[in-house]
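Thanks, everyone; I would like to walk you through one model this morning, beginning with a sheet and ending with a charged side chain. Please keep the display open while I talk.

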Amino acid sequence: MRWRSAGGGRGAKEDTENFRDERSAEKFRDLVNAHGQSWPPGWIRGQGFIADQRRPGTMFEPYALAHIDRLTGVQGDTKAKYRKLVLENMSPWFKPYTVEDGEGSIVREMVQDWINDLAAGNAAPLDPSDRKPRKKYAAKTIANQHGLLSAILQAAVDAVPSLRTANPCAKNRLPRLDTDEVEDEICPLEREEWAWVHECLGELDTEAQELGEVIAETGFRWGESTALQPRDLQMRNGRPALRVQRAWKRDEDGQPYLGAPKSKKSRRTVVVRWGLWNKLKRRAKGLKPTDLLFTGPMGGRWDAGTFRRLRWVPAIELAAERFGLTKRPRIHDLRHSHAAWLIAAKVPLPAIQARLGHESITTTIDVYGHLLDALDDEVVAAVEWAMDPMAPLPGFLVHSGLAQLPHQRGWVAPGGWTDPGGTPGAPGDSETVFVITAGSRRVPFAERQHAQDVADQWNNDRAETITKLKEAGWTEDGLNRVRALGPEERERWTGAGPVWRRKPDRRLVYHRVATFRPDGTLAHEPEPMADGWVWEFETDLYTDAAAQMRTEFRPGPSALTEAFARGIDKEAVSRAYDEVCAKAQEVCGHSPYLEPLITGA
């Protein structure tokens, strides 16, 4: 066989290699072409890969398959997938090479070429000529396959005795998932979109509707939901709940069977609404404790592909036709939707992790971290409260443990620390509302003019601040978190809180804070009294009292006590501030956060 070395052209060096048969020459030709008209790494001219130096058991394919067979704690169907990846997407590149160091060993350049070939959809060196063209793989798929290859080669490094000194997969840069490369891998539904799908599922099959409802309300995986049995309907702390004790799996031959959930933390109990629980209780009536709650058309387990074809896709198409649904979610996106709803409701990530059955909170963050941008305002408000003793407790923490510590010592001056009088009013079932977004709050109004007046006044109150932030280089997105936006007309109000049927009250509220150590000394010099315009719908900040005061033990090793005074009468607030500071000095030595310091716990 003759060829010109890499760089080609008439002046390039001509190389040759001799073979006894045409088939061996063709295989070598493919290797040369795959390596850019260069000698294959590890090939010795006239001798090949020196087969006597490459032990059969350490050649890539048999070693990789043996490594997969020895894996522990891995399901049979997962091992089958790994074997398929080795045979289809690795051996066509690495089969002639050994995992051992020396001649004919797999080296980093080979792995880099393999990564690039997967990304570009290039043919493998050992692909038969009649093989259909390879597809381009997404960045995440390449990362997953690279992880498997790395684990195989790391096993050679860790072997006793070691087969190689280094892993050629280490420090390789993998393709990045660019924003314009693929669409989002998850497709969560908004509440209204789920209502459309739910309605359309019900028109097709009420059992399919209830199965979808289970997944959307619990975040269960498909294999967990379709494995539910009557005995899984339980109570937890007086609340109805579903217990995940088993899930559908597949063995190495692809046959389904009921086994343990995906991981230790996947075995969990999840509280549900009474409405769903009662539906499932009715479904369980007459069934044995070990019967399936949901069965397919033939009476056995619901196959995911069959459900998708017969129920899910028709429901999505009906929702698109009837309501204008533009998304094309998978069944598994109901699980993602559940997580997105919890994040939007500011449920803590550890609670979401436990509900979804993630083994590690890292998984929860990796999958849903991009949705946390919606909580930027809350994060900034919480950090400001923690770092600035003058900052009031953020509104979304009013009912949290920080706002209602069981051992908190607090009191208010007469007539103070109370909610404003009067109720704005509850919305009707189908009332049109006009919503403004003021900072991090969404506020609904029954009349557009009220909403517009409040938005305009809010922005006027903050005009100077917004100008300074612009000069400081803030982006429009950042400024919109300070401004009031809207009003936006909606068919009805589905959020928390009442609809305002009048223009809310607005007060200039004065406030001052001091923080004391357990020995009664100031933790730092208090800032001067501050003031700001506060609206009645800002329930955590608003007051119409002349003065109010409060002490609060702040959590943390410093065991600080905060003295806080506020009100609409500056002189009254000043007097209340002196009084509450004296009170704080009396009680600061009784902070419950001193207990760990005293007991040494």
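Two strands are said to pair if DSSP finds at least two bridges between them, and the strands themselves (E, at least two residues), like the helices (H or I, at least four residues), are DSSP runs numbered from the N terminus. What we have is a predicted model, in which local features need pLDDT of at least 70 and side-chain atom pairs count only at pLDDT 80 or more, while totals for chains, interfaces and linings use all residues. Residues are numbered from 1 along each chain as its sequence is written, and side-chain values use heavy atoms, with hydrogens and water left out.

In strand β11, which covers residues 506-516 and pairs with β12 in the antiparallel sense over six bridges, V509 stands opposite G532 of β12. The open sheet around them has four strands, ordered β12-β11-β14-β13, with antiparallel pairing. Because β12 (530-535) and β13 (548-553) each have a single partner strand, they stand at the edges, and one side of each is left without a neighbour in the sheet.

Let me turn now to D117, which is found in helix α5, residues 108-120. Is D117 buried (under 20% relative accessible area, with a 1.4 Å probe and protein chains only) or exposed (over 50%)? D117 is buried, yet has no salt bridge, meaning a side-chain nitrogen of Lys or Arg within 4 Å of a carboxyl oxygen of Asp or Glu. The nearest side chain of opposite charge (Lys and Arg count as positive, Asp and Glu as negative, with His and the chain ends not counted) is that of R134, 8.1 Å away.
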